[in-house]
Amino acid sequence: MKTETIAIHALNLVKSATGDVTMPISLSTTFLRDETGGYPGGHMYSRVSNPNRAALEQVITELEFGEETCTFSSGNTAGMSIFQALKYGSHIIAPDDMYWGLKKQLLSFFADKLTFDFIDLTDVDKVESFIKPNTEMVWAETPSNPLLKITDIEALAKICKANNLIFAVDSTFASPMLQNPILLGADIVMHSTTKYIGGHSDVLGGSLTTASKNKFWERVRDIQQTGGAVPSPFDCFLLLRSIKTLAYRMKGHCENAIQLAKYLENHPKIEAVYYPGLASHAQHQIAKNQMKNFGGMLSILVKGDAVDARKVVNSVKIFAQATSLGGVESLIEHRASVEGPDTKTPQNLIRISVGLEHIDDLIADLEQALG
């Protein structure tokens with residue numbers, strides 16, 4: 001089946017006695033055992049598994065062409081579970097431009113357990129020079145947050161396989177509809193399901209999908225089930241509902257984003273536009289090769305400083321000045337002020353999550369804010 005069909009039909013795992021077309025919510029925290037002590041319904045305790053979570057994990061697995069998926073209560077928890085699964089003393093190669101929440105985890109919570117180098121992964125040739133005897137993982141994020149850098153997944157996967165390294169890719173900005181890292185050689189793909197997969201700014205979650213169930217993956221699954229930071233049945237229900245429209249929402253996000261990027265690229269008050277769909281983007285060709293479309297995220301540099309950037313975000317009327325991305329509503333924010341005093345993000349950078357409003361209204365709103 002094509003992805004649009006998988007998104008709608010792969011979740012129909014439960015055939016209820018009442019013939020529900022939409023999967024019902026199973027709120028039970030525990031499940032009946034039979035005379036032999038087994039679990040005829042396939043579930044024992046909801047921290048370990050639940051019908052709604054099983055359906056969600058199956059759908060994401062099929063959309064990402066993987067073997068199995070673990071879902072979590074947030075994207076940060078999904079990433080943390082990967083770091084927790086690494087053995088003590090492991091070295092990670094990570095991108096210099098990455099989601100600040102996961103970078104903060106490494107620098108704060110794992111500084112006494114793991115070592116890491118943050119490098120420009122768009123320069124694949126330099127990666128091998130950072131590989132050490134204790135290097136266990138390369139963590140990539142493409143497109144990256146907030147500079148929209150594009151990492152060549154296939155090229156990096158070859159290096160990881162040659163050096164027996166785990167290769168994980170945060171593909172949140174792309175969604176499963178635009179990019180499938182496992183098909184390009186990645187071992188694990190991560191999503192903050194809060195973002196495009198949820199798509200309505202009303203549910204928190206994260207997912208990890210593996211290309212194969214190996215010992216490392218079994219440790220990740222054990223952390224999920226034993227640690228218990230799992231999405232609730234209702235969270236899973238909402239995510240399953242949202243996945244049904246994911247393909248068509250992504251088409252709208254991409255269509256609006258490229259038009260907005262082209263408008264901003266020619267605006268006299270904009271210094272630079274970071275959007276992989278623009279021919280001017282440094283990794284535009286790589287994005288064309290590994291993505292089906294270019295996504296709904298872009299960042300801009302306003303001519304001036306932080307004061308000038310904040311004037312813009314404080315002047316919009318349709319865009320919501322808020323953190324997060326991937327919802328049907330357009331969001332805008334001065335990114336450096338979110339990331340704190342240690343941020344490397346330019347002070348004049350504005351990050352934009354392009355929603356599904358009419359493009360003319362979005363352009364008009366930015367025109368008056370910039371003016």
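So, Leu148: that one is in the loop between β4 and α5. One thing to keep in mind throughout is that this is a predicted model. Leu148 has a phi near 55°, which is positive, and the residue is not a glycine. Is Leu148 buried or exposed? It counts as buried, because its relative accessible area is 1%, and the cut-off for buried is under 20%.

Which peptide bonds are cis? One runs from Thr142 to Pro143, with omega near -10°. Another joins Asn145 and Pro146, and there omega is about 10°. Pro143 sits in the loop between β4, residues 135-141, and α5, residues 153-162. Pro146 is in the loop between β4 and α5 as well.

Now hop over to the other end of α5. Asn164 is in the loop between α5 and β5, which covers 166-170. Its phi is also near 55°, again positive in a residue other than glycine. What about its surroundings? Asn164 is exposed, because its relative accessible area comes out at 70%, and exposed means over 50%.

Where is Pro276? In the loop between β8, 270-274, and α9, 284-290. The C-alpha atoms of Pro276 and Ile150 are 7.5 Å apart, although 126 residues separate the two in sequence. And Pro276 counts as buried because its relative accessibility is 0%.

Next stop, Phe116, in strand β3, residues 115-119. This one is buried too, because its relative accessible area is 17% and the cut-off is under 20%. Which residues does Phe116 touch? Leaving out anything up to four places away in sequence, the list is His91, Ile92, Leu106, Leu107, Phe110 and Ala111. Its C-alpha is 8.7 Å from that of Thr135, which is 19 residues along the chain.

Leu106 takes us to some helix packing. Helix α3, residues 75-85, and helix α4, residues 100-108, cross at roughly 35°, and their axes come within 10 Å. That crossing is right-handed. On the α3 side the contact is made by Asn76, Gly79, Met80 and Phe83, and on the α4 side by Gly101, Leu102, Gln105 and Leu106.

Then there's the pair α2 and α7. Helix α2, residues 51-63, packs on α7 at an angle of about 35°, with the axes 8 Å apart. Here the crossing is left-handed. From α2 you get Asn52, Arg53, Ala55, Leu56, Val59, Ile60 and Leu63, and they meet Pro233, Cys236, Leu239, Leu240 and Ile243 in α7.

How values were computed: Residues numbered from 1 in each chain as written. Predicted model: local features only at pLDDT ≥ 70, side-chain atom pairs only at ≥ 80, totals over all residues. Heavy atoms only, no water. Axes fitted to C-alpha atoms, helices over the stretch in contact; angles between N-to-C directions. Helix = DSSP H or I, 4+ residues; strand = E, 2+ residues; numbered from the N terminus. Left-handed = near helix turned anticlockwise from the far one by under 90°. Contact = heavy atoms within 4.5 Å. Buried < 20%, exposed > 50% of the residue type's maximum accessible area, 1.4 Å probe, protein only.
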